[in-house]
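Please look over the model shown here before reading the briefing.

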Amino acid sequence: MDAPLIEATHLVKLYTMGDETVHALDGVSFSIARGGYCAIVGPSGSGKSTLMNILGGLDTPTAGRLVIDGADIGTLDDEGLAAFRNRTLGFIFQSFNLLPRMTAVENVELPMIYAGIDAKERRLRAEEQLVRVGLGERLTHRPTQLSGGQQQRVAIARALAGRPALLLADEPTGALDTHTGQEILALFNELNSEGVTIVIVTHDHGVAAATKRTIEMRDGRIVGDHRNERSRHDAHV
Amino acid sequence: MMRTSDLVGSAARALRSNPMRSALTALGVIIGVASVVAMVSLGAGAQAQVERSIASLGSNLLIVVPGAPRGQGGVRGQAGGGGGWDSLTLDDAEAIAAQVEGVMVVAPSQRSRAQVIANGLNWNPEIQGVTPAYLTARDWEIAEGRFFDETEERQARRVVVLGATVVEQLFPNVNPIGETLRINGGAFEVIGVLASKGQTGFQDQDDIVLAPLTTVKRRISGRSRRADTVSQISVKAVSEDVLRQVEEDVTTLLRQRHRTREGEDDFTVQNLSSITETAQQTTQVFTYLLGGISAVSLLVGGIGIMNIMLVSVTERTREIGLRKALGARQADILHQFGLEAVALSVAGGVIGLLLGVLGAWLMTSLFNLPLVIAPQNAIMAIAFSGLVGVLFGAYPAWRAAKLDPIEALRRE
């Protein structure tokens, strides 16, 4: 069997607020295999956002060890983290975070700019990804000319463009209506079936149920970790 | 690692996205660079002008005039105190020629002003009674005809050589050689025309009539003055190296002859090279002063850039957070914002340079000065505006690069 894509061992994250020390993460251990499709759920304050920031290379753990795609996150400096975010990760945000003055295809090109890929190749790959998420007709539209669902698809294309090992989605359906949210989840399911590893961070158990596995968090600890029913999972497809 | 072409592209996009703001921000630098360039060019023009006008009086030249010296730089004092206006004589000139070493020529002259009439036109030029040596002493060239010789000078012939302006005024359509003109009722034959020295400053050197010294003494300004006094003695040294020595020797000799002591002189020896130096220093100081004042406006322009860049960083906090999440390194963000500031200020610098040259051209043609644009000044202006961009863009760019991506993404 392959080594898991994500291997977290006893992650601890401490925040000092005034005199008080908050355990945002209090010894979190789990692993996610390549090709996995997993949701991390929990109410606000459960530490799921902290975990996501650490998984995303935006933050570093106070203690513990996190290896993603062979890279020990705790040992990376700023430059190493930037390269990690660029090559290993694809970020998807609740509020899409598209740059308003750029067209869809230019937005998708953005991470490839930081990878130093030349303009021609970039354009080609960006268009390819937009076609993949079903926006082949809207390459030169600006974000304001697109619906919320379409904007999130552009963001997904952007996350995919760097051919990352892991898609990390933070409440990806939070800003969308139920129907559009279902469509986005269906797209995730499709991408997963093509072999993309996806981790969704959400407070919504309905969203979590659409994935293959749910990790539940509370007060900085994992309180539950179970496979979702295949039937329920399929029901959303 | 971001490609340079992408870096330039993203800076250009950011500046184009808010053209009004970019233009107004660059305006500060435009005004700063334009005024520096214009002022420095104006100063250089004034300096060139001063040098040219003094050099055109004659090189390696000392001018001895009657009257006590006052102040520095050869400014001539009032008559009285040390002596009157008629303290210099032809004998003084001869003594200088005979006794001072390193002298090429000595040219005594008598200045006068009188109405000159020819062709039914009249004009009021400066009339100088001179010896043939004057031509050499003052670096005059003959453009047409000839100059009078020693014999004609001694015999007080009624001949004149005209400056270009006088020819223009009195003989607009006629060749003046051989023509007759009248000065104080007497008839004079025009035998030559001087090559033009051009308008220098506010004085037209070509507005001159040269006549034999004896002729002027007897027939034009003779009146009540002593027969052997002169209004000026021009002393030309053989080279610039001996000029100081000649100046001292002339002074010593004249003190002996006039029986005066230092501080009681009834004559003044003006050294044109020291006047040139003083004038150069003065214009140099003015150039620096004007340039310095202008540099302050460039500084203000730089602060304007910093201000706008800080606003821009705040406005684009989310964008910066996103770029970092997508893999931008701190260096990438630093370069992106730094380049925007530098692009703004260099664009301002180039436009400012063009406007400054235009302004310098307008001012120099207004004041009738030569236009001096040193290429190294132009390069300096561009380089300096680039430096302003780097200096004032560095802090906002550093702030952007150091933003915490988690905080930045959370910002609405």
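This is a predicted model: local features need pLDDT of at least 70, side-chain atom pairs count only at pLDDT 80 or more; totals for chains, interfaces and linings use all residues.

Residues are numbered from 1 along each chain as its sequence is written, while chains are lettered from A and ligands numbered from 1 in the order in which they are written.

**Overall form of chain B**

- Chain B contains 13 helices and 14 strands, these being DSSP runs numbered from the N terminus (H or I of at least four residues for helices, E of at least two for strands).
- The radius of gyration of chain B is 33 Å, whereas a compact globule of 412 residues would have one near 22 Å; the radius is taken over C-alpha atoms, and the globule rule is 2.2 Å times the number of residues to the power 0.38.
- Along the principal axes, the C-alpha atoms of chain B fill a box of roughly 105 × 55 × 30 Å.
- Buried residues make up 42% of the 412 in chain B, where buried requires 20 or more other C-beta atoms, placed from the backbone, within 10 Å of the residue's own.

**Helix 2 of chain B**

- Helix 2 of chain B has 37 residues and spans 51 Å from first to last C-alpha, close to the expected 54 Å, a value given by 1.5 Å times one less than the number of residues.
- A kink of about 30° is centred on B:Leu27 in this helix, the bend being the angle between axes fitted to the seven residues ending at a residue and the seven starting there.
- Helix 2 of chain B is mostly covered, with 26 of its 37 residues buried.

**Nonpolar cores**

- The largest nonpolar core has 116 residues, of which A:Ala157, A:Leu168, A:Val199, B:Val33 and B:Val37 touch the most other members; a core is a set of buried Ala, Val, Leu, Ile, Met, Phe, Trp, Tyr and Cys residues joined through C-beta atoms within 7 Å.
- Helix 2 (residues 19-55) of chain B gives this core its largest share, 16 residues.
- Another core, of 52 residues, lies apart from it and includes B:Leu62, B:Trp140, B:Val160 and B:Leu170.

**Contact between chains A and B**

- The contact takes 17 residues from chain B and 20 residues from chain A, with contact defined as C-beta atoms, placed from the backbone, within 7 Å.
- On the side of chain B that touches chain A, the largest share, four residues, comes from helix 10 of chain B.

Conventions: A residue is buried if 20 or more other C-beta atoms lie within 10 Å of its own, exposed if 12 or fewer, and partly exposed in between; C-beta atoms are placed from the backbone. Two residues are in contact if their C-beta atoms, placed from the backbone, lie within 7 Å.
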